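I opened the model to look up a few helices, their packing and the ligand site. My entries follow in the order in which I went through them.

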Amino acid sequence: MPEKLLQVENLSVSFDGFKALSNVYFSIDPLSIKVLIGPNGAGKSTLCDCIIGKVRAAEGKIIYKAKDISRSPEYKISQAGICRKFQAPGILERLSVYDNLAIASREKRSWQQNLRLNLSKTEKERIEETLELIGLETRRDLQASLLAHGEKQWLEIGMVVSQNPDLLLLDEPTAGMTAQETAKTAELIRKLVEKHTVLVIDHDMTFVELLKAPVTVLHQGQILKEGSMEEVRSDPEVISVYLGRAHEEPMHA
Ligand SMILES: Nc1ncnc2c1ncn2[C@@H]1O[C@H](COP(=O)(O)OP(=O)(O)O)[C@@H](O)[C@H]1O
Ligand SMILES: [Mg+2]
């Protein structure tokens, strides 16, 4: 069995006595995709917050590359190669697509200088690779504010990828996307696993299916079920707490 890249063991998180996560066990294989689903308030974002060190666990361990990071400061976790893309895009709207990627891929960050003049050959190559990966080669000189919603999300994924993370956490990457944008995002994520490990949180079942990856269902802070999309989808408990309800009320972040 390959060594896990990330292993969450017996994790519990409380907010003023409210248990947002209880005894969660969860792991991700290197260079794979894992999907985390569950209704609103299930604790999905809290689990991400714990992994990146933004929220502290009351109990349990987070083993990353064989080291417990559950007490490490956020910047150390980020330096160790865990990167999170938030729901809201963090792009610089007034800069071009290219310059957004240039900022993200700078090894030494110097904001004042002309970005393009100071890029190394390696950095330029990395930007070209990323532009191709996110499908925005022809949009490179466009001001980021003029991109479509889906394109902004891809640019931000590109910015996260430019930092060359080992583990990427994508919290609801398809929120607000059209069906076509959603399908392209699934394709993009499937390309990412050539070099990165990806944890995707979402509740769009069509999208989750396109990822063709193992799924973990969280419910009220606990793992309800793990398995393939088919296994999860046909599980009576999952249907009753999650999928069944999804037909009645659309779920939001
Ligand atoms: N900082 C916080 N303080 C208090 N309660 C929180 C905090 N963050 C999340 N919660 C609560 O924890 C539960 C899980 O939230 P969250 O992880 O955001 O769920 P999900 O991402 O699955 O929708 C919710 O009931 C939420 O209200
Ligand atoms: Mg959330």
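I began at the end of helix α1, where I found that Gly-53, which follows α1, has a positive phi near 85°. Helices here are DSSP runs of H or I with at least four residues, strands are runs of E with at least two, and both are numbered from the N terminus.

I noted what I was working with: this is a predicted model, in which local features need pLDDT of at least 70, side-chain atom pairs count only at pLDDT 80 or more, and totals for chains, interfaces and linings use all residues. Residues are numbered from 1 along each chain as its sequence is written, while chains are lettered from A and ligands numbered from 1 in the order in which they are written.

Overall. I counted nine helices and ten strands in the protein chain. Among contacts between residues at least 6 apart in sequence, 65% join residues at least 24 apart.

I went back to α1 and found eight of its eight residues buried, so the helix is largely enclosed by the rest of the structure. The buried residues run through Lys-44, Ser-45, Thr-46, Leu-47, Cys-48, Asp-49, Cys-50 and Ile-51. I then listed the shell of ligand 1 (C-beta atom, placed from the backbone, within 6 Å of the ligand): Phe-15, Ala-20, Gly-38, Asn-40, Gly-41, Ala-42, Gly-43, Lys-44, Ser-45 and Thr-46. Helix α1 (residues 44–51) gives the most to this shell, with three residues. I sorted the shell into three nonpolar, six polar and one charged, with Ala, Val, Leu, Ile, Met, Phe, Trp, Tyr, Cys and Pro as nonpolar, Asp, Glu, Lys and Arg as charged, and the others, Gly among them, as polar.

Helix α3. Seven of the nine residues of α3 are buried, and they pack against α4 and α5 (149–162). I looked at each pair in turn.

With α4: I read the axes of α3 (residues 97–105) and α4 (residues 121–133) as coming within 10 Å and crossing at roughly 125°. Axes are lines fitted to C-alpha atoms, for helices over the stretch in contact, with angles from 0 to 180 degrees between N-to-C directions. The two helices are therefore oblique to each other (under 35 degrees is roughly parallel, over 145 roughly antiparallel, 65 to 115 roughly perpendicular, the rest oblique). In this contact, Tyr-98, Leu-101, Ala-102 and Ser-105 of α3 meet Glu-123, Arg-126, Ile-127, Thr-130 and Leu-131 of α4. By class that is five nonpolar, two polar and two charged residues.

With α5: the axes of α3 and α5 come within 8 Å and cross at roughly 25°, which makes α3 roughly parallel to α5. By class, this contact has five nonpolar, four polar and no charged residues.

Thr-130. I ended on this residue of helix α4. Thr-130 is buried, with 23 other C-beta atoms within 10 Å. Leaving aside neighbours within four places in sequence, I found Thr-130 in contact with Leu-101, Gly-158, Val-161 and Ser-162. Thr-130 and Leu-155 are 25 residues apart in sequence and 9.0 Å apart in space, C-alpha to C-alpha.

Methods. Contact = placed C-beta atoms within 7 Å. Buried ≥ 20, exposed ≤ 12 C-beta atoms within 10 Å, placed from the backbone.
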